[in-house]
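Colleague: I would like a close look at one part of this model, the place where the two chains meet. Please take me through it step by step.

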Amino acid sequence: MGEAAFWFIVAVTLISALIVVSSRNLFYSAIALLFTFFGVAGLYIFLWADFLAGVQVLIYIGGILILILFGIMLTHKITSVDISHTSVQQGVGGIVVLLLFAALAWMIVRTPWLVAAAPEPPGTAGEIGKLLMTDYMLPFEVASVLLLGALLGAAVLSRKGN
Amino acid sequence: MEQLNSYLIVAAILFCLGLFAVITRRNGVAVLMGIELILNSANINFVAFARFGGMNFSGQVFALFVIIMAAAEAAVALAIIINLYQNFKSINVDEAQQLQR
């Protein structure tokens, strides 16, 4: 049962990612990206990262995907059919990517990874919160400054007639 | 299912698909989608190594920071794309060849 669910989630993730990169309609790509993000959230749950799965759904689907949809709607006329997009040099790109994947897969299969068994934690949010407030205090604060900078930068950049 | 390799292979496939989108798409928004796929594959790797390396929560914290960075990056990238559209009336990244109009 768990095995079948895992492979179903993997199939959903990879097929929708394939649609994202190959669809000729930008809207179809964005909608397929929704399923990819959901699939990755499912993989997080299989990896015992339940808090991260929630964050993935909230930020990626609720934030980034909405931003991307806004980007599509602000830069295309919604009534026109000219929402399709084209690709360049798919042959060369495909060869490069396939070679890269072969190298990566060879590396993954050949490397004897060190695996340590561990019991399943009851919940991850508490541990992550403790780490954020102790070991990762400085990156946490820097991330807040980064978000503020991105907010101001995006507002200044997208202002009309600057 | 309880295999590190299967997660790593899935992440590698996602990474390669994202890279394919980045190098072949002409539309700026589609390039951004490819970047999001790449960031997601990196996150899967972080969380998988955290899970199979004795449940080390540092990997999950790092994935959290990657998600924060992706949100900031998407906001700035879309501001740039909208600026590009206002200046060139097109968001094809191969047509934007000059810094100033």
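Modeller: Across the interface of chain A and chain B, the rule finds 0 salt bridges. Keep in mind that this is a predicted model. Let us see what the interface does contain.

Start with its extent. On one side, 82 residues of chain A are in contact; on the other, 66 residues of chain B. Interfaces are often sized by the accessible area that is lost when the parts come together. Here chain A and chain B bury about 6,700 Å² between them. Carbon and sulfur atoms carry 79% of that area. In chain A, the residues that lose the most area to chain B are A:Val21, A:Leu47 and A:Thr75. Together they make up 10% of what that side buries.

Now the polar side of the story. The rule finds 9 residue pairs in polar contact across this interface, with both residues at pLDDT 80 or more.

Which helices of chain A take part? At least two residues each come from helix 1 (2–22), helix 2 (26–46), helix 3 (50–75), helix 4 (90–110), helix 5 (125–133) and helix 6 (137–157). Helix 3 of chain A gives the most, with 13 residues on the side that touches chain B. Sort the residues of that side by type: 57 are nonpolar, 20 are polar and 5 are charged.

Next, look at the rings. The whole structure holds 7 aromatic pairs over all chains. Ring pairs join residues of both chains into a cluster: A:Phe6, A:Trp7 and A:Phe46 with B:Tyr7 and B:Phe52. B:Phe52 has another partner. The charged end of B:Arg51 sits over the ring of B:Phe52, 4.4 Å from its centre. B:Arg51 also reaches chain A, where it lies over the face of A:Trp48 at 3.7 Å from the ring centre.

The side chains of A:Glu127 and A:Lys130 form it, at 3.9 Å from N to O. These two residues are about one helical turn apart, because they are 3 residues apart in helix 5 of chain A.

Finish inside chain B. B:Ile38 lies in helix 2 (residues 28–52) of that chain. Leaving out residues up to four places away in sequence, B:Ile38 touches B:Phe15, B:Gly18, B:Leu19 and B:Val22. B:Ile80 is 42 residues from B:Ile38 in sequence, and their C-alpha atoms are 20 Å apart in space.

Terms used. Residues numbered from 1 in each chain as written. Chains lettered and ligands numbered in written order. Predicted model: local features only at pLDDT ≥ 70, side-chain atom pairs only at ≥ 80, totals over all residues. Heavy atoms only, no water. Contact = heavy atoms within 4.5 Å. Buried area = accessible area lost by both parts, 1.4 Å probe. Salt bridge = Lys/Arg side-chain N within 4 Å of Asp/Glu carboxyl O. Polar contact = N/O pair within 3.5 Å; in protein donor to acceptor, adjacent residues only side chain to side chain. Helix = DSSP H or I, 4+ residues; strand = E, 2+ residues; numbered from the N terminus. Nonpolar A, V, L, I, M, F, W, Y, C, P; charged D, E, K, R; others polar. Phe/Tyr/Trp six-rings, centres within 6.5 Å; stacked < 30°, edge-to-face > 60°. Lys NZ or Arg CZ within 6 Å of the ring centre and 35° of its normal.
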